[in-house]
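Subject: Structure handover

Hello,

Here is the structure for you to look over. My notes follow below it.

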Amino acid sequence: MINILSLSIMMLFTGCKSENPTADSIVGKWVAKDGAVFQFSKEGTFTTQDLPKDKFLPFSEDFTESLFSETGKWELKHDQGRWIVSLYFENSESLPGGCVTQIYIAGSKGIMENQPPWYLFFWEGEEGGSRYRFTKKE
């Protein structure tokens with residue numbers, strides 16, 4: 001009985017073990033189901049392709065196109081208990097003045113979604129609702 005209890009406690013704590021994402025785990029190509037793409041470089045820059053405005057910048061009136069492609073700089077940060085990628089979009093025709101926002105990082109494993117494989121996401125609508133997800137392509 002004691003061995004079963006010890007094993008159960010050990011499994012519980014092992015399942016809660018957290019692993020932190022690194023900049024190397026972000027570098028690469030990330031794709032959403034609808035074909036939107038983020039490409040993150042080691043140098044801290046990124047490009048996007050076919051991001052949907054309604055999911056990414058729903059309140060922006062800077063442009064009217066439904067999809068947009070941009071460039072900018074990125075940085076991995078820990079903010080209020082969550083890992084995020086801060087995105088600094090450059091000044092462009094479709095984003096006059098640029099844009100600063102973030103994309104969340106979560107794990108596909110672990111009780112608290114805190115173990116890789118990682119995925120990136122934006123909240124669709126209210127926080128805690130559905131997620132617009134990007135998965136890494138090798």
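**Surface and overall make-up**

The chain exposes about 8,800 Å², and carbon and sulfur atoms supply 54% of that area. Accessible areas come from the Shrake-Rupley method with a 1.4 Å probe; for residues, only the protein chains shown count as cover.

A word on the basis. This is a predicted model: local features need pLDDT of at least 70, side-chain atom pairs count only at pLDDT 80 or more, and totals for chains, interfaces and linings use all residues. Residues are numbered from 1 along each chain as its sequence is written, and side-chain values use heavy atoms, with hydrogens and water left out.

The chain has 138 residues, of which 36% count as buried. Buried means under 20% relative accessible area, exposed means over 50%, and partly exposed is in between (1.4 Å probe, protein chains only). Contact means heavy atoms within 4.5 Å. Among contacts with a separation of 6 or more, 40% are between residues 24 or more positions apart.

There are three helices and ten strands. Helices (H or I, at least four residues) and strands (E, at least two) are DSSP runs, numbered from the N terminus. The order from the N terminus is α-α-β-β-β-β-α-β-β-β-β-β-β.

**Strand pairing**

Two strands pair if DSSP finds at least two bridges between them. Start with β2 (residues 37-40), which pairs with β3 in the antiparallel sense over four bridges. Gln39 stands opposite Thr47 of β3. The two strands form a hairpin with four residues between them. Gly44 sits in that turn and has a positive phi of about 90 degrees.

β3 also pairs with β6 (residues 71-79), antiparallel, over three bridges. Here Thr45 has Lys73 as its bridge partner in β6.

In a regular strand the side chains alternate between the two faces of the sheet.

Three bridges join β10 to β1 (residues 28-31), and the two run antiparallel. Lys29 has Lys137 as its bridge partner in β10. β10 also pairs with β9 (residues 115-123), antiparallel, over five bridges. There, Tyr119 is the bridge partner of Thr135.

**Aromatic rings**

There are 14 aromatic pairs. Rings of Phe, Tyr and Trp (its six-membered ring) pair if their centres lie within 6.5 Å; planes under 30 degrees apart count as stacked, over 60 as edge-to-face and the rest as tilted. One of the pairs is Phe121 with Trp123, which is edge-to-face, at 5.0 Å centre to centre and 80 degrees between the planes. Phe121 and Trp123 are both buried.

Ring pairs also link Phe38, Phe40, Phe46, Phe68, Trp74, Phe89, Phe122, Tyr132 and Phe134 into a cluster.

Two arginines lie over rings. A charge sits over a ring if NZ of Lys or CZ of Arg is within 6 Å of the ring centre and within 35 degrees of the ring normal. Arg131 lies over the face of Phe121, at 4.1 Å from the ring centre. Arg133 lies over the face of Tyr119, at 3.5 Å from the ring centre.

**Salt bridge**

The count is one salt bridge, that is, a side-chain nitrogen of Lys or Arg within 4 Å of a carboxyl oxygen of Asp or Glu. Lys77 forms it with Glu75, the closest N and O atoms being 4.0 Å apart. Lys77 is partly exposed, at 31% relative accessibility. Glu75 is partly exposed too, at 37%.

Arg82 lies in strand β7 (residues 82-89). Arg82 is partly exposed, with a relative accessible area of 27%. Beyond its neighbours within four places in sequence, Arg82 is in contact with Lys77, Tyr104, Ile105, Ala106, Phe121, Trp123 and Arg131. The C-alpha atoms of Arg82 and Asn114 are separated by 9.6 Å, with the residues 32 apart along the chain.

Ser86 is also found in β7. Ser86 counts as buried because its relative accessible area is 6%. Leaving aside neighbours within four places in sequence, the contacts of Ser86 are Lys73, Trp74, Glu75, Lys77, Thr101 and Gln102.

Best wishes
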